[in-house]
Amino acid sequence: MTPPRDSAAVDLGAVNRKDCGCPQDQQTAARRGFSRRSFFKGALGAGALTGLASAELSTRMAFAATPYVGDVVVVLSLRGGFDGLNTVVPTSEPRYEQVRPNIHIPQGALIPLDANFGMHPAMQPLVPFWNDASLGFVQAVGMSNPTRSHFEAMEEMERAAPGTSVRTGWLDRTLGLRDSEGAFQAVQMGSSMASSAFLGNSPELAMWSVDSFDLSGAWDNAERQRWRQALEGLHANAPDPIGAPAATTLGALSTAGDLQDAGYTPAGGANYPNTGLGRAMRDVARIIKADIGLQVAAVDFGDWDMHVDLGSVDDGWLYDKLSELARSLAAFATDLGTGMDDVTVITMTEFGRSLTENGSGGVDHGHGQAVLLLGGGVNGGVVHGDWPGLANDALVDGDLAGTTDYRQLLAEVLEKRCGASVSTIFPNAPAERIGVVTPRV
Amino acid sequence: MTNGLLPSRRDVLKASAAVAGGAVVAGTVGSVGSVAAAGTGAKFASDDLNLHMLRRTTYGPIPSLHASIRKQGRKAWLDRQLNPSKLDDSYCDKLIANRFPGMKWNITQARNNIDDFSWELMRDVGVATIARAIWSKRQVFEVMCDFWSNHLNVANPSDNVWDNRHDYDRTVIRKHALGKFSDMLVASANHPAMLLYLNNADSTKDNPNENYGRELLELHSVGVDGGYDEEDMRQSTLIMTGFSVDWQTGLFEYNTWAHYRGAVQVMGFTDDNPAADGYDVGLRYVRYLARHPQTARHIAYKLCQRFVSDTPDPGLVNTLANTYLENDTNIKPVLRQLLLSRAFENSIGEKTRRPFEDLVATLRVLGYLPDKNGTSGMGDLYWVASDLGHLPLAWSQPDGYPDEAVAWQSAGGTLARWNTHLSLAAHWWPDDLRQPALRKLLPDRLPKTHGAYVDALAQRLVFRKLTNTHRQAVLGFLGRQAGDPLSAGDEAVGWRLPYIVALILDSPYHGIR
């Protein structure tokens, strides 16, 4: 089954719009989702952007009693159930090859990580970050109440409060403890639907992309100004519940518009793949660098539910997914450069996959999963976690056990990198920390 | 709606909204100090009580409905709405019967007619819900179906409801939406959709799953402040062991082997519960909960929050709770008292439309009609609602969509709302739905001036004239003065018309519920 998020990914911008009765040029502009960038390329340069950014910044300062100091946390959700066993491969477990006769990654093809693990060759673009110790993994991560259902597991994971009747998501609770710092404080990038980790009253901004965050009726800056003035005028004296979000939206549109005008060239020769994930990570880097108050970004990267034809060592479904993942993350880290000192990327997935391959060259729903962490504060170059092994009595229902609760990882990142107190964010979570990140200095 | 662990962020937001609103815009555009000086919604909502009734109790006024309530009077109109089976709704009934034939199937028929784990019926019940909200004449009934679907939420889509969610909608929610809550709660406790969604189907005496037993107290009946403790919650779970689902047929079954035997006690309910067949004990318990005074207060509070205010007055809640108990959990007398109360009359402008309500009100006021054939355009609305973050029946957690303005304030949501207005006004998408010519929103004989044109359009779309300031904003968009003459060749009645319609729908006049 595919989670609804994936099927919800209808690109409205791509919909062929019917005759709207406007003059031909405007209709064409509307149809193409005309980018104001091409209009104003060069006309408004970095100057305009800086001016706006500082206006937003001072706005944030104006109502943030204690401005946030900490990492931008980027949560990358590998929806569908990510196969950690073929990604961070246990090289010292002969059983791995036996139970996955057709789909295992041969020892010789692996990128060596340490004495016990090797990495899938599609992860090659990330090798420099493993070597400079900004990339790390955790193996055998699990949940305290494992389930093999996509929906239940995802919801439970993003709620992150098992055994309680807390209804909100962990990112919402994280933001709820901070001062409000503007529309770009928390962003879901690459989707119009926010992850359930954001469920709750703290506002988040879900957007397909920076460039598409625009009034669909405005095709150039003059029209944009026309709309903005009219919308401002129509919201004069509006009640708070309508007026405040309208004002925030107009501010965010203005900020996004300046980002669009300024255009974006990734630094350091970073080469993002032109895919959903690549574009989303590029936009996350873009708004981090614009310094408009981003604290939390969530990005969905789905389609990991590989029940059939997972593929081979240098081809197929898993290879393609890992390759896109590695290229996107490598570009992101290259683009941000030393900026990665203030960024922590962490992956999540609802469950790992079955240890044993099925009759269709795929793997079914399992338990223990692998987590990837990337950032200047990451204790990288290490495969963390308490590896339970693949012996019969170490397995849970025949699958890799989870020995580290995923909330321990999130809590450690929030505590050490974001200055958070996590007791209300993760009620009843295990207190143990395994040292995946270093404290911020 | 807060989780009880954290301080509400509402106060912070409230305190900062004025500052944020002013500062963000002032920093970028200037001249919007007035946005920060928050007014009340009453200024935007017409003080016509008929319109107030329609905004609150339907999915949005349309001229014919406005005429109808004016003619009948509010009380008579409401009484007719509270007897939905007597209302002629043949247009919508036929639409649903013809385009969504699966809605009438029982679980067995569903299993015979669609592939296992197919998404077909889960999607169809979502789309049919949208269609009914737009086109049903039983508007109060539809609003109440939405209310109860959220109160007894079974997230759609979700695992294990592919064959039964539409049946839950018909046999639990729609059947009892204006009946007795006690009957609805019993029906939900007997329905595979609920028993699977909240895991009671897996709950046994040896291995109890507390999900349903807890939510039955916390959400469905006495409420989180109802005064139960953890032991009550465990006992609640034990009483309900045995209420399960036959995995072969997908139908309800009572498992005597799973049922806990022995004395039980929850919030004043006691039973010796000696038999392996505890079905009747379970039913007695559920009925007891439905009639509990705390349940009365909980439901009265939620109804007040839906129809009157985000922060209901305790006196009103108590009055309605008494009515609920005096009428043996009958919903109609409670609703009638609430909607004819002074408190209701005095609450003009205090509620705001949530995204789905805004979407449906927009489609209604623009006069949209279903696809000529098939469901393609209606199906597209499923994605529009989804993009707006308010797809009916789809809230993933058991507590249902929140109905407080503070939960719906994201910038992304606001922009999506504005862009949806234009997309619908301009008939860009969903383009398979039928839309009457936009020109028909204006009188056949065009108004003489641009000012009169804005007045006429506002009257048609938001049922009142805009204040002078707001009218100026629309005229400014057109680059016109109020007194400028209007002719058929003007942009305002030509290619700019959809933009002006969208702009008026973007205003708080349309955002007020």
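Q: Before we start, how are the residues and chains numbered here, and what does the pLDDT have to be?
A: Residues are counted from 1 along each chain as its sequence is written, while chains are lettered from A and ligands numbered from 1 in the order in which they are written. Since the model is predicted, local features need pLDDT of at least 70 and side-chain atom pairs count only at pLDDT 80 or more, whereas totals for chains, interfaces and linings use all residues.

Q: OK, what is the secondary structure of chain A?
A: Chain A has 13 helices and twelve strands, where helices (H or I, at least four residues) and strands (E, at least two) are DSSP runs numbered from the N terminus.

Q: And how is chain A divided into domains?
A: There is domain 1 (34-63 + 213-263) and domain 2 (70-210 + 273-441), with bounds that come from an automatic or database domain assignment. The centres of these two domains of chain A, taken over C-alpha atoms, are 34 Å apart.

Q: How much of chain A is buried?
A: Of the 441 residues in chain A, 58% are buried. A residue is called buried if 20 or more other C-beta atoms lie within 10 Å of its own, exposed if 12 or fewer, and partly exposed in between, with the C-beta atoms placed from the backbone.

Q: Then why is strand β5 of chain A largely enclosed?
A: Strand β5 (residues 135-142) of chain A has eight of its eight residues buried, so it is largely enclosed by the rest of the structure.

Q: Which strands does β5(A) pair with?
A: Two strands pair if DSSP finds at least two bridges between them. Five bridges connect β5(A) with β10 (residues 369-375) of chain A in an antiparallel arrangement, and there A:Val141 stands opposite A:Gln369. Strand β11 (residues 383-384) of chain A runs parallel to β5(A) and is joined to it by two bridges, with A:Val138 opposite A:His384. Two bridges also link β5(A) to β12 (residues 404-405) of chain A in the parallel sense, where A:Gly142 has A:Asp405 as its partner.

Q: Changing topic, what is the order of the open sheet of three strands?
A: In chain A the order is β2-β4-β3, with antiparallel pairing. The edge strands, each pairing on one side only, are β2 (88-90) and β3 (111-112) of chain A. Two bridges hold β3(A) to the antiparallel strand β4 (residues 117-119) of chain A, and A:Ile111 is partnered there by A:Met119.

Q: What about helix α7 of chain A, is it mostly covered or mostly exposed?
A: Helix α7 (residues 150-159) of chain A is mostly covered, with eight of its ten residues buried, including A:His150, A:Phe151 and A:Arg159.

Q: What do those buried residues pack against?
A: The buried residues of α7(A) pack against α8 (170-176), β9 (343-348) and α13 (406-418) of chain A, and two residues are in contact if their C-beta atoms, placed from the backbone, lie within 7 Å. Just after α7(A), A:Ala160 takes a positive phi of about 55°.

Q: Over in chain B, at what angle do α16 and α18 pack?
A: Helix α16 (residues 293-307) and helix α18 (residues 331-339) of chain B pack at about 45°, with their axes 11 Å apart. Axes are lines fitted to C-alpha atoms, for helices over the stretch in contact, and angles run from 0 to 180 degrees between N-to-C directions.

Q: Which residues meet there?
A: Among them are B:Ala300 and B:Leu303 in α16(B), and B:Val334 and B:Leu335 in α18(B).
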